[in-house]
Amino acid sequence: MRRWFDAWVRASIACAVYLTSDAIAVMFTERRYFAAAWEFTQVRNEIVPLAWVFFAPVVVVYVALEALWLRALTSTSIARLLTGMVVAVAGGLGYALTPSRRFASIPLRAGAILVFAIFAAVLVHHAVRIAPRVVERRRLFVTAILVLLGGALWMLDRSWLPRLYPALHVSLFCGSVGSFLAGVATAWRTPPSKWTRVLVLVSLAACSVFSPAIIRRLSLATNLRVLLSEKAPALGRVVLFASRFAKTDVRSNSEFDTHAHSEKRSLDWSGQDVLLISIDALRADHVSAYGYARKTTPEIDALVKEGTLFLNAYSPTPHTSYAVTSMMTGKYMRPLTSLGLGADSETWPQLAQHYGYRTAAFYPPAVFFIDEARFIPFRDSRLGFEYAKVEFTEVDKRIEQARLYLDRTPQDKRLFLWTHLFEPHEPYVMHEAHRFDQGNRDL
């Protein structure tokens, strides 16, 4: 038991060094993406300690594998067991890496999996035979090779086919961590001192105590979460996992309570109905209100004369499903689809219902045709609207549907109504009553 504990202490220290190196690398190479100096401080003082706590199970698994490896060097049966485990993992990796059409043929895919398994078996067999002699004669050389291998795998995990082939990146990540810890274990064979053991235990305990508060603060650091998940293979995975536990409730935050502030606001919509009209594929540079030479949008021009025209407005993503979902959740696509903040996101109509609004929507199903699988929760919940008419129809019928809804709906509540018009989108239809080409069909 003492030997296991010493191996755990040694691996925990090596893991802390690995995580610190990951942080230093991202802070040095990606400093232009940090919003301010406080984000560097948060990485150093909070994210690295949090990652150390989350990596504790990884350290336990590594220690068990290290003990199994040492037994395999002197026991044939244990060596066979280890070989079988590695072959099974390699076969699973081969299966996970061959889902593409190139391996649609069952014999071809089976052959690729077999190649992975045979390579792993040969590698383990020769490693068990020659490893003791090589380590005994060239300990520092082996240490350097393992540490450099860990760094090379870290670099591949970070930059090679990012966001593609998850099984590949999990393998690179595990190989990177395992190689680095094995390199430290090869060089550090003496038992850690008593004070080293105490320091590791106390430090991990302190980090565990403060982890919930760190996770709560992490939920507010959107830029930092995106940056680490993109550029830091180790810390990024911890951030993605921790974000699942970071829940915020807008309703319990007095900052969003319209009755919590007594001062008068310059623009007060409280108690007002809200009508939101979005138009698919309408280009601002073809709207006459924005300076287009031809009078293409007379109704919008009339609204501009009575309302406010925003000269700078941007869509977070140039695809309808992404843009509409961002608009209805107030979140960028990266947090929605990749940072664990998507399916449970509260939408604009749901928030309106908290404040006593009735909500209704009229839109075509094509709103979610782009990458539909990513938006199934929003599609099935109809973006949180109480009433939704989802169908393809002409704009006149869409307007009539909205009017019919208003006629039949009680007036006891304020209303938030959204309609999405699809007419500027292809297929294009020329209406004789609204011709803008002046006889020139090339325009």
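Q: What makes the largest nonpolar core a core, and which residues have the most contacts inside it?
A: In this predicted model, the largest nonpolar core has 46 residues. To count, residues must be buried, of a nonpolar type such as Val, Leu, Ile or Phe, and joined through side-chain atoms within 4.5 Å. Leu19, Val43, Ile47, Phe55, Leu228 and Leu235 have the most contacts inside it.

Q: Which elements give two or more residues to this core?
A: They are helix 1, helix 2, helix 3, helix 7 (166–187), helix 8, helix 9 and helix 10. Helix 1 gives the most, with 12 residues.

Q: What other core lies apart from it?
A: Another core, of 19 residues, lies apart. Val274, Tyr322, Phe416 and Trp418 are among its members.

Q: How do you know what Ile47 touches?
A: The test is heavy atoms within 4.5 Å. With residues up to four places away in sequence not counted, Ile47 touches Gln42, Leu218, Leu224, Leu228, Leu235 and Val239.

Q: How do you know how the span of helix 2 compares with the expected one?
A: Helix 2 covers residues 37–54, which is 18 residues. From first C-alpha to last it reaches 25 Å. At 1.5 Å a residue, 26 Å is expected, and the helix comes close to that.

Q: Where does helix 2 bend, and by how much?
A: The bend is at Val43, by about 40°. That angle lies between axes fitted to the seven residues ending there and the seven starting there.

Q: What makes residues of helix 2 buried, and which are they?
A: A buried residue has under 20% relative accessible area. In helix 2 these are Glu39, Gln42, Val43, Glu46, Ile47, Val48, Pro49, Leu50, Ala51, Trp52 and Val53. Their cover includes helix 1 (2–29), helix 3 (56–72), helix 8 (194–218), helix 9 (222–231) and helix 10 (233–242).

Q: What makes the phi of Ala281 stand out?
A: Most residues other than glycine have a negative phi. Ala281 is not a glycine, yet its phi is positive, about 65°. Ala281 sits in the loop between strand 1 (274–279) and helix 11 (298–306).

Q: Is Ala281 called buried or exposed, or in between?
A: Its relative accessible area is 46%.

Q: What is the phi of Arg382, and where is Arg382 found?
A: Phi is near 55°, a positive value in a residue other than glycine. Arg382 belongs to the loop between helix 15 (376–380) and strand 3 (387–390). With a relative accessible area of 32%, Arg382 is partly exposed.

Q: Why does Arg379 count as it does, by relative accessibility?
A: Arg379, in helix 15, has 31% relative accessibility and therefore counts as partly exposed. Beyond its neighbours within four places in sequence, Arg379 is in contact with Phe368 and Glu372. The C-alpha atoms of Arg379 and Phe368 are separated by 6.8 Å, and the two residues are 11 apart along the chain.

Key:
Residues are numbered from 1 along each chain as its sequence is written. This is a predicted model: local features need pLDDT of at least 70, side-chain atom pairs count only at pLDDT 80 or more; totals for chains, interfaces and linings use all residues. Side-chain values use heavy atoms; hydrogens and water are left out. Helices (H or I, at least four residues) and strands (E, at least two) are DSSP runs, numbered from the N terminus. The expected span of a helix is 1.5 Å times one less than its number of residues. Buried means under 20% relative accessible area, exposed over 50%, partly exposed in between (1.4 Å probe, protein chains only).
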